[in-house]
Amino acid sequence: MKYIEFGIGNKWIIRTETELQDGTEFEEKGIKRPIKFHSLYTRVWIRKTVFIIDSKEGFKKRKKERNAIKLILGIKSL
């Protein structure tokens, strides 16, 4: 699964995060192709709470271990 993200709070303004089948993940600067659109999402991370609005999965609220401030618009790609 690939996550192409645009926004503030990450290492780069535009980045691609790739999640491999074994659970490991890595990030790269910019947009990495190919893109096979799955869904569009918005992620707002305030301190340890993350609010996610996904076009396929709806609204989700998650708790994380670390504090962060992020505002992200992303594309989930297969």
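Author: Contact here means heavy atoms within 4.5 Å. By that criterion, and not counting residues up to four places away in sequence, Lys 76 touches Met 1, Lys 2, Tyr 3, Lys 36, Phe 37, His 38, Ser 39, Tyr 41, Asp 54 and Glu 57. This is a predicted model, in which local features need pLDDT of at least 70 and side-chain atom pairs count only at pLDDT 80 or more, whereas totals for chains, interfaces and linings use all residues. Residues are numbered from 1 along each chain as its sequence is written, and side-chain values use heavy atoms, with hydrogens and water left out.

Reader: Why is Lys 76 called buried?

Author: Buried means under 20% relative accessible area, exposed over 50% and partly exposed in between, with a 1.4 Å probe and protein chains only. Lys 76 has a relative accessible area of 8%, which is under the limit of 20%, and therefore it counts as buried.

Reader: What makes the link between the side chains of Lys 76 and Glu 57 a polar contact?

Author: A polar contact is a pair of N or O atoms within 3.5 Å; within protein, one must be able to donate a hydrogen and the other to accept it, and residues adjacent in sequence count only if both atoms are side-chain atoms. The side chains of Lys 76 and Glu 57 make such a contact at 3.0 Å. Glu 57 also has a side-chain polar contact with Lys 60, at 2.5 Å.

Reader: What is the secondary structure of the protein chain?

Author: Helices (H or I, at least four residues) and strands (E, at least two) are DSSP runs, numbered from the N terminus. The chain comes to zero helices and five strands, in the order β-β-β-β-β from the N terminus on.

Reader: Which strands pair with β5, and in what sense?

Author: Two strands pair if DSSP finds at least two bridges between them. Strand β1 (residues 2-8) and strand β5 (residues 58-77) have seven bridges, in the antiparallel sense; Tyr 3 has Lys 76 as its bridge partner in β5. β4 and β5 are likewise antiparallel, over 16 bridges, and a hairpin of three residues joins them. Elsewhere, β2 and strand β3 (residues 25-29) pair in the antiparallel sense over five bridges, with Thr 18 opposite Phe 26 in β3.

Reader: Which residues form the largest nonpolar core?

Author: A nonpolar core is a set of buried Ala, Val, Leu, Ile, Met, Phe, Trp, Tyr and Cys residues joined through side-chain atoms within 4.5 Å. The largest one has six residues: Tyr 3, Tyr 41, Trp 45, Val 50, Ile 52 and Ala 68. Strand β4 (residues 37-54) gives the most to this core, with four residues. Not counting residues up to four places away in sequence, Trp 45 touches several residues, including Val 50 and Ala 68.

Reader: Why does the radius of gyration of the protein chain agree with a compact globule?

Author: The radius is taken over C-alpha atoms, and the globule rule is 2.2 Å times the number of residues to the power 0.38. For 78 residues the rule gives a value near 12 Å, and the protein chain has 12 Å, so the two agree. The C-alpha atoms fill a box of roughly 30 × 25 × 25 Å along the principal axes.
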